[in-house]
Each structure stands twice: as structure tokens, then as C-alpha cells.
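Here's a quick tour of one model, with the cut-offs spelled out as we go. Have the viewer open and follow along.

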Amino acid sequence: MYHDQSWLEWPFLAPHHRALARDLEGWCAAHLPKAHPQDTDSACKELVRKLGAAGWLRYAVGGLAWGGASDAIDTRAICLLRETLARHSGLADFAFAMQGLGSGAITLHGTPAQKKQYLTRVAAGEAIAAFALSEPNSGSDVAAMQCAARAEGDDYILDGEKTWISNGGIADFYVVFARTGEAHGSRGLSAFIVDAATPGLEIAERIPVIAPHPLARLRFTGCRVPAAQRLGEPGLGFRIAMQTLDIFRTSVAAAALGFARRALAEALVRATTRRMFDQLLSDFQITQVKLANMATGIDSAALLTYRAAWLRDQGHKVTREAAMAKMQATETAQQVIDAAVQVWGGLGVVSGHPVERLYREIRALRIYEGATEVQQLIIARQTLDAFRGEAGR
């Protein structure tokens with residue numbers, strides 16, 4: 001399968017990033033299944049085990065002492081891993097990404113004891129992590145959260161629901177955000193690590209989606225969690241959630257790039273082998289225009305993605321840049337994949353065809369970890385704030 005690696009020479013990447021990408025490419029070709037498995041739960045568990053055994057999950061956590069590849073999470077490495085995995089297997093990308101997102105708050109705010117207990121197992125592929133933020137009436141509007149945690153002695157009692165929780169039903173633990181009431185709105189939330197076997201936590205519903213992966217609605221009913229399982233200080237849950245998303249939002253853009261690059265590769269195969277009216281499909285100017293737009297869109301999104309990743313690795317706040325990358329890459333990938341389906345014609349909508357799978361895989365990325373419309377609001381607000389700050393000088 002065609003794969004242009006010239007972008008690896010861009011100045012955003014260091015030599016060890018290029019080596020990482022090339023090593024992972026070979027591993028994916030040798031170890032990832034070509035077809036989507038029927039039993040998604042079992043497949044995800046096996047992928048986590050394989051990714052951990054091969055050492056790739058070390059990049060999903062921070063802290064050498066806890067099994068991480070480095071003391072701080074390397075955003076560019078996360079992006080390279082997700083892009084490469086997504087190009088080969090959407091489910092492998094999902095398995096990797098959720099290990100990072102599900103444990104990211106522990107990397108950022110966990111105590112040494114919490115990191116030892118959870119991060120070491122996540123990095124080894126021995127424990128499956130999940131991030132439980134969204135609720136039936138609280139998705140993008142985190143301040144509307146209703147799941148509550150009340151202090152009772154040395155414990156907290158959790159009551160409420162979470163939904164759209166990736167790895168729901170197969171996770172060994174969940175990082176759960178709940179209202180503890182220190183202040184109104186988003187300032188009165190806290191974060192907790194809740195083991196899957198904790199009494200009072202149940203899987204209320206498994207949610208089937210168009211690109212199959214483990215997804216569930218959780219219910220907490222008098223769920224008793226030791227105060228030692230709280231992450232950070234009470235009332236700082238919103239900040240913890242946003243800091244975690246700031247790390248991994250850029251990597252969503254990278255996953256979209258992986259899907260888009262695979263779609264372009266599939267379109268090129270079809271365009272250069274399919275004959276129509278005594279010439280190849282690629283000989284038609286209308287096809288060439290389509291391919292040109294696909295290639296240009298991918299490079300544009302890649303530049304935004306690796307700019308955001310590079311800036312974060314330099315210690316800069318990247319709320320605006322990550323939002324730009326996530327919006328542009330996911331929207332562009334949707335367009336590129338749609339064009340690839342069109343190039344393949346009728347075969348492109350046959351169930352199980354690579355571009356048909358990509359068509360289903362990409363749609364959720366425009367919604368999760370902040371829908372496109374939310375990214376637009378973030379970009380606009382950050383831009384306006386920068387303008388007002390400059391004008392006020």
C-alpha cells in the first residue's frame with residue numbers, strides 16, 4: 001500500500017520521532033489484523049495486550065518510574081503512534097488512544113501511589129483505562145454535569161450516570177468526574193479513580209455505533225470510593241479534565257490524518273488501475289482535481305497537527321492550536337474519505353471494503369473530544385481574547 005513518508009522530514013519532528021514512526025510501521029504490517037473482528041470486546045483486549053507487550057503503550061503514560069517512555073508525555077510521539085495505527089486499523093488506534101486518555105489525568109495529577117497502582121499496568125497493557133466525563137445531559141457543556149459525589153467520612157459516595165464512555169464494559173478502572181459542590185458550574189467538580197468492580201457501579205447499557213468499539217452508559221448508585229482515590233484537590237475536576245483533553249485532542253487530529261492517508265492510498269490504487277472509456281481513471285482531469293484536493297487537504301491538516309504537537313512539547317499552552325488541528329484534520333479527513341468512496345464507485349460502499357470502513361470510522365472523530373462546532377467556539381474566543389489583549393496595550 002502506497003505510503004508517502006516525506007513529511008517525516010518536517011522540522012517539527014526529531015530523529016527519534018522518525019525512528020519511532022518507521023519501527024511502528026513495520027510492527028503494524030506484521031501484527032495488526034487486516035479485517036475488523038466480529039467480537040470487538042475481545043479484539044480490544046487483545047490489542048491492548050499486544051500494544052503493551054510491544055512497548056507502544058509506554059508512550060501513552062508519563063513517568064519513567066511508572067513505565068512511561070519519558071517523564072512527560074511526548075505529544076508528537078502520541079500523534080505519530082495514532083496516525084500510524086489509524087492508517088492500519090481503526091480499532092488499534094482506539095485501543096491505544098483510550099489507554100492514554102483514560103489514564104492521562106493520573107499522569108498529570110496522580111499521587112505516587114496512584115501512579116504506581118494504575119500507570120504501570122496501563123503501560124504494560126495489563127489494565128484497560130477509561131475516561132468518564134460525558135453524561136446524558138452534559139456533553140460539550142461540562143458545567144451541566146449532574147453526577148454527584150458527596151463526602152462521607154473517609155469516602156465519597158457517587159450517584160448519577162455517565163454515557164458515551166469508550167471502553168465502557170471492558171475497562172478495569174474509570175477516571176470519573178463528578179460534582180462535589182465547592183462552587184457553581186464547572187468550578188465545583190472533582191475527579192476520582194473508580195475500579196470497575198466497585199459495588200454501586202454498573203454497566204447500564206452497551207451502546208452500538210457505526211464503527212464498532214466498546215461503548216457504554218455507566219450508572220453509579222451509592223458507589224463508595226475512598227477519598228484516597230480522588231485525583232488532585234476537590235473542585236479542580238474541570239481543570240484536570242481540560243488539561244487531559246488538551247494533551248489528547250491534538251492526537252485525535254493525528255488519527256484523522258491516518259484515516260485520510262489510507263483513503264488517499266486506496267483512491268490512488270483505484271485511479272491507476274481502473275479503466276474507463278479506453279483510459280485509466282487517473283487520466284481524467286476531474287479525477288486529478290479530486291486527488292490534488294485530497295493531497296493538499298491532508299498536508300494542510302498535518303501541518304496544523306504537528307505544529308500543535310510541537311508547541312505543546314515546547315511547554316506552550318495549545319488550546320487554540322489543538323482546536324484548529326482537531327477541527328481541520330477531522331473535517332478534511334471526512335472530505336478525503338468521501339472522495340475515496342466516490343473514486344471506488346459501487347465497490348466503495350460494499351460492507352467491509354477499506355474505504356467503507358474508513359467512512360464509518362471517521363464520523364465519530366468530528367464529535368468526540370469536542371465537536372467541530374465547539375472547536376470553532378474555542379478558536380474564535382482565543383482569537384478574540386488575543387486581539388483584545390493586544391488592543392488594550
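## Helix 2, end to end

Helices are DSSP runs of H or I with at least four residues, numbered from the N terminus.

Keep in mind that this is a predicted model, where local features need pLDDT of at least 70, side-chain atom pairs count only at pLDDT 80 or more, and totals for chains, interfaces and linings use all residues. Residues are numbered from 1 along each chain as its sequence is written, and side-chain values use heavy atoms, with hydrogens and water left out.

## Ends and cover

Just after the helix, Gly55 takes a positive phi of about 95 degrees.

Which residues of helix 2 are buried? They are Thr40, Ala43, Cys44, Leu47, Val48, Lys50, Leu51 and Gly52, where buried means under 20% relative accessible area, exposed over 50% and partly exposed in between (1.4 Å probe, protein chains only). Their cover includes helix 1 (15–31), helix 3 (75–88), helix 4 and helix 5 (112–124).

The largest nonpolar core has 73 residues, and Leu85, Leu158, Phe173, Phe177, Val194 and Phe220 have the most contacts inside it. Such a core is a set of buried Ala, Val, Leu, Ile, Met, Phe, Trp, Tyr and Cys residues joined through side-chain atoms within 4.5 Å. Helix 4 (residues 90–109) gives the most to this core, with 10 residues. Apart from it lies another core, of 44 residues, among them Leu257, Phe259, Met294 and Trp344.

Zooming in on Phe220, its contacts (heavy atoms within 4.5 Å) include Cys147, Leu158, Val176 and Val194, leaving aside residues up to four places away in sequence.

## Cysteines

How many disulfides are there? The count is zero, a disulfide being a pair of cysteine sulfur atoms within 2.5 Å. For Cys79, the nearest cysteine sulfur is that of Cys28, 15 Å away. Cys79 counts as buried because its relative accessibility is 0%.

Cys147 is in no disulfide either, with the sulfur of Cys223 the nearest at 8.9 Å. Cys147 is buried, with a relative accessible area of 1%.

Technical notes. Helix = DSSP H or I, 4+ residues; strand = E, 2+ residues; numbered from the N terminus.
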